[in-house]
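I am opening a notebook on a structure that is new to me. My plan is to look things up one at a time and write down what I find.

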Amino acid sequence: MASPPDTSKTTKLERYNSYIRRVNSTKLLAASSKLLFRVTLLVALVLIFFFTFNYPPLSDNATPAGHHVHTTSHLLSSAFYGSGAGWEKEVRRSSTPRRPNGFSVLVTGAGGFVGTHCSLALKKRGDGVLGLDNFNSYYDPSLKRARQKVLKQHEIFIVEGDLNDGELLAKLFDIVPFTHVLHLAAQAGVRYAMENPQSYVRSNIAGYVNLLEVAKNADPQPAIVWASSSSVYGLNTENPFSESHRTDQPASLYAATKKAGEEIAHTYNHIYGLSITGLRFFTVYGPWGRPDMAYFFFTKDILQGKPINVYQTHDNKEVARDFTYIDDIVKGCLGALDTAEKSTGKGGKKRGPAQLRIYNLGNTSPVTVGKLVSILESQLNVKAKKHVIKMPRNGDVPYTHANVSLAYKDFGYKPTTDLSTGLRKFVKWYVSYYGIQPRVKGSNDSA
């Protein structure tokens with residue numbers, strides 16, 4: 001009788017092949033999962049950067065249509081601008097003083113009007129200057145970029161970032177032992193606060209607190225000089241405005257945020273020993289100025305033949321301002337920096353009483369807006385088309401007049417430029433910058 005065929009070898013071979021198929025299938029599945037995960041992660045990162053570049057922060061939703069104030073996102077400024085050996089080298093080089101015992105100054109708002117002029121003055125005398133600016137679109141960013149180019153020509157580097165980016169600020173203070181901070185970054189403008197109030201809170205209060213939080217923990221703590229505003233006097237009727245006058249009646253949200261800044265400064269001085277000096281600027285004007293200021297857009301509209309609105313108060317009085325030329329403001333800022341005492345805290349703890357000051361920086365000679373227009377007509381050699389109307393209730397005040405005796409006493413502040421001289425210099429810059437060939441008197445004069 002024949003024996004049955006031996007199938008054990010065939011069965012073993014089939015089991016082995018089945019095992020191999022399962023192993024290969026498992027490996028393929030694992031590889032596919034890894035590939036899918038990596039692709040998903042890559043797509044997510046691409047989407048994050050796409051939305052970061054192309055959309056404003058959600059908190060800007062309150063801005064009116066067509067006037068978003070776009071800023072560099074916190075993610076981008078920390079991840080992109082705040083990294084790399086070359087970037088750190090630029091930061092260190094720009095902030096290193098060239099004169100013995102020179103300052104190392106962080107200038108916030110360095111791409112702005114006052115920030116640019118102060119940065120140039122500090123660098124010229126041998127101090128180290130590092131700028132910080134978010135280049136937002138409150139007014140034409142191309143003007144800010146042009147100022148940036150001027151600063152770059154003088155070896156001043158501006159870090160592009162936002163005050164509310166604590167990670168970026170902390171990194172800058174880790175890299176550079178700043179002796180001083182000149183804090184000029186702010187959401188400016190009285191009237192715009194009625195359109196986009198959140199931008200004022202975000203910049204003038206939250207951004208300022210964020211800067212102070214980083215400064216209090218720095219080692220060494222820097223001395224801080226910052227820009228308040230003559231707007232804090234609000235409905236005050238005493239003249240000229242003195243630092244001892246009441247400032248608890250702000251007429252605009254902008255003024256309220258600046259007044260809040262003064263109270264916040266007191267708190268950080270009292271608790272953490274930060275040396276803080278506030279400067280109340282009075283209507284600053286001059287070359288490289290802000291396009292939202294009356295002297296600037298009056299010049300533009302007069303040259304273009306457009307009508308301009310000249311305000312009167314509701315009791316038919318002329319509106320007047322203590323117009324202050326930029327060079328005088330710069331001297332005041334540097335005087336405040338030079339006389340600022342060192343902060344007394346360390347590691348976020350106060351070790352002794354620290355300096356706390358507030359000063360007016362103005363011209364001490366109020367001029368009516370009507371007189372301003374007359375001077376511009378003479379400088380431009382063009383007659384303005386004036387519409388005299390009542391001042392709208394938008395937060396503006398009818399009159400400002402600075403008493404600067406305290407600033408003179410403490411650091412020799414003494415304004416020297418009258419409005420006619422200052423406007424001549426502004427007009428010369430304006431027609432040159434915008435490439436205009438008008439009938440301007442003295443456009444080839446030295447200034």
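Predicted model: local features only at pLDDT ≥ 70, side-chain atom pairs only at ≥ 80, totals over all residues.

I began with helix α6, where E167 and D174 are exposed on one side. I then looked up the buried residues of α6 (residues 166-175), and found L168, L169, L172, F173 and I175.

Next I looked up the cores. The largest nonpolar core has 77 residues, and V114, L182, F281 and Y295 have the most contacts inside it. A second, separate core has 30 residues, among them F173, I175, I264 and L274.

Which residues does L182 contact, leaving aside its neighbours within four places in sequence? I found V105, L106, V107, T108, C118, L122, V225 and L337.

Then I turned to the sheet. It is open, has seven strands with parallel pairing, and runs in the order β3-β2-β1-β4-β5-β6-β13. I recorded β3 (157-160) and β13 (356-361) as the edge strands, each pairing on one side only. Neighbouring strands are turned by 20° against each other on average, direction ignored.

A227 has L279 in β6 as its bridge partner. Last, I found helix α10 (residues 326-338) packed on the sheet, touching β4 (180-183), β5, β6 and β13. The direction of α10 makes about 165° with that of β6.

Note on methods
Residues numbered from 1 in each chain as written. Heavy atoms only, no water. Pairing = 2+ DSSP bridges. Helix = DSSP H or I, 4+ residues; strand = E, 2+ residues; numbered from the N terminus. Axes fitted to C-alpha atoms, helices over the stretch in contact; angles between N-to-C directions. Contact = heavy atoms within 4.5 Å. Core = buried A, V, L, I, M, F, W, Y, C linked by side-chain atoms within 4.5 Å. Buried < 20%, exposed > 50% of the residue type's maximum accessible area, 1.4 Å probe, protein only.
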